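Thanks for coming. I will take one structure today and talk through a few of its parts. Please have a look at it first.

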Amino acid sequence: MGKIVLGSSSPRRSDILKALKLDYEVIPSAYVEPHDQTDFSYSYVENLAYNKALDVAQKLSYKAKVIGADTIVVIDNKILGKPKDKQDAYQTLKLLSGKTHFVVTSVAVVESISLSYKVKSDTTYVTFEDLTDEQISYYIENYKPFDKAGSYGIQELPEGYVKKIEGSLDNVIGLPSKTLLELL
């Protein structure tokens, strides 16, 4: 398969690569995401993943496949970013409570010498239970979801928060393994 580089410092993405038993190194991308788009489109999130991978690939002097990924949470066609503070996290989780939203992770693999690339997206639907104010506050206080799109990490949500997941759990965590293996 050749040398693999993960262009992300996400421990969750790293865990998925470890679970796939891939030999890789981590070189975080320095690409700065624009936060100017609020309406969802696949091209937007795919472009973010591609630019993250390209940033790292252009800096390498050896042949490698560089993985870039971006995960977004969407409800009512609006992108829910990372929360600014506790109040923002609370409002986001209140919005998701009792509803179905979807999570899209776009994965890009850029070859460092030729800069040829492939990009693909995966979509998973997540339905939350009706969350009480106490459940929301408990989650924010104990899990500090400030670095997570949509104000939550699916792998750490306590029992009784999620009603149903349709699609890949790895996708919601931040790197759909089946999609990644297809691209590699």
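One aromatic cluster is made up of Phe-40, Tyr-42, Phe-102 and Tyr-125. Keep in mind that this is a predicted model. In total, the structure holds 8 aromatic pairs. Take Phe-40 and Tyr-42: their ring centres are 4.8 Å apart and their planes stand at 75°, so this pair is edge-to-face. The cut-off for that label is an angle over 60 degrees. Buried or exposed, what is Phe-40? Phe-40 counts as buried, because its relative accessibility is 12% and the limit for buried is under 20%. Tyr-42 has a relative accessible area of 36%, so Tyr-42 is partly exposed.

There is also an aromatic pair between Phe-128 and Tyr-152, again edge-to-face, with 5.0 Å centre to centre and 70° between the planes. Phe-128 and Tyr-152 are both buried.

Now back to the cluster, by way of the strands. Phe-102 stands opposite Tyr-125 in β6. The strands concerned, β5 and β6, pair in the antiparallel sense over 11 bridges. What do β5 and β6 form? They form a hairpin, with 5 residues between them. In the turn, Leu-115 has a positive phi of about 65°.

β5 has another partner. Strand β3, residues 65-75, pairs with β5 in the antiparallel sense over 10 bridges. There, Lys-65 stands opposite Glu-111 in β5. How many of the 12 residues of β5 are buried? The count is 11, and β5 is mostly covered. As background, side chains in a regular strand alternate between the two faces of the sheet.

Thr-105 lies in β5, which spans residues 100-111. Its relative accessibility is 0%, so Thr-105 counts as buried. What does the side chain of Thr-105 reach? The side chain of Thr-105 reaches the backbone oxygen of Asn-171, at 2.7 Å. Leaving aside residues up to four places away in sequence, Thr-105 touches Ala-69, Asp-70 and Thr-71, then Lys-120, Ser-121 and Asp-122, and finally Asn-171, Gly-174, Leu-175 and Pro-176.

That is where I will stop.

How values were computed:
Residues numbered from 1 in each chain as written. Predicted model: local features only at pLDDT ≥ 70, side-chain atom pairs only at ≥ 80, totals over all residues. Heavy atoms only, no water. Helix = DSSP H or I, 4+ residues; strand = E, 2+ residues; numbered from the N terminus. Buried < 20%, exposed > 50% of the residue type's maximum accessible area, 1.4 Å probe, protein only. Polar contact = N/O pair within 3.5 Å; in protein donor to acceptor, adjacent residues only side chain to side chain. Contact = heavy atoms within 4.5 Å. Phe/Tyr/Trp six-rings, centres within 6.5 Å; stacked < 30°, edge-to-face > 60°. Pairing = 2+ DSSP bridges.
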